[in-house]
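Have a look at the model first, then read on.

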Amino acid sequence: MNNLGFALGKIKVKISFWFLFVICAVSLISENFNSVLIAVIIHELSHVATLYFMGGKIEEINLRLTDINISTNVLKLPVLKAVSVILAGPMANLLLGIMFKNYNKEFSFVNFSLGLFQILPVFSSDLDNLLKVLFKGKFFKLFKVIYFIFALLIFFLGINLIIVSKYNFTLLVMGIFLIIKTLL
């Protein structure tokens, strides 16, 4: 299926049909969809604002079924600036988690979860991007093994969560997704 494509100034934006389909479907069945959506938007905007502050630029935004990919020139920035851009998203979520702890527990939990997930050693996380910047592609095989171990851990935690809750399969699906992504 084709992507919806348009431009925001010089930035190309592509949105896949499946991304829109999943967003619509999840919004109909999820109780905390708004909190998740706001947390993800704040996470990504933190990356973008820091990128511009550090002198970088966005080349393309791609909203796909499996991820949100913002193509930037972050790898061309000095290492300290690149690290700041990469860590901006998780730090924003962790700070919001702290700030809303006593006011909105659901929003606080969602932000803590997103911030912590992004600093786990798994593919497509912000930590993955940070390791790419710091090690410039070295130790790829070692990181792949570590990512696989963490994907298995998330998978088994998901099985445990299903046994305990009898209905929450989120971690199990995430674990399966991460295992497949690691093996590809």
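## Salt bridges and a hairpin

This is a predicted model, and the count of salt bridges in it comes to two. Side chains of opposite charge can pair when their charged atoms come close.

| Salt bridge | N to O distance |
|---|---|
| Glu 60 and Lys 14 | 3.8 Å |
| Lys 132 and Asp 128 | 3.3 Å |

Let's begin with Glu 60 and Lys 14, whose side chains meet in a salt bridge. Glu 60 belongs to strand β3 and Lys 14 to strand β2 (residues 11-16), so this pair ties together parts that are 46 residues apart in sequence. Glu 60 counts as buried because its relative accessibility, 17%, is under the 20% cut-off. Lys 14, at 31% relative accessibility, counts as partly exposed.

Now for the salt bridge between Lys 132 and Asp 128. Both residues sit in helix α5 (residues 126-135), four residues apart, which is about one turn of the helix. Asp 128 is buried, with a relative accessible area of 4%, whereas Lys 132 is partly exposed at 45% relative accessibility.

Which strand pairs with β3 (residues 58-63), and in what sense? The partner is strand β4 (residues 68-72), and the two run antiparallel, paired over five bridges. Together β3 and β4 make a hairpin, with four residues between the strands.

How values were computed
Residues are numbered from 1 along each chain as its sequence is written. This is a predicted model: local features need pLDDT of at least 70, side-chain atom pairs count only at pLDDT 80 or more; totals for chains, interfaces and linings use all residues. Side-chain values use heavy atoms; hydrogens and water are left out. Two strands pair if DSSP finds at least two bridges between them. A salt bridge is a side-chain nitrogen of Lys or Arg within 4 Å of a carboxyl oxygen of Asp or Glu. Buried means under 20% relative accessible area, exposed over 50%, partly exposed in between (1.4 Å probe, protein chains only).
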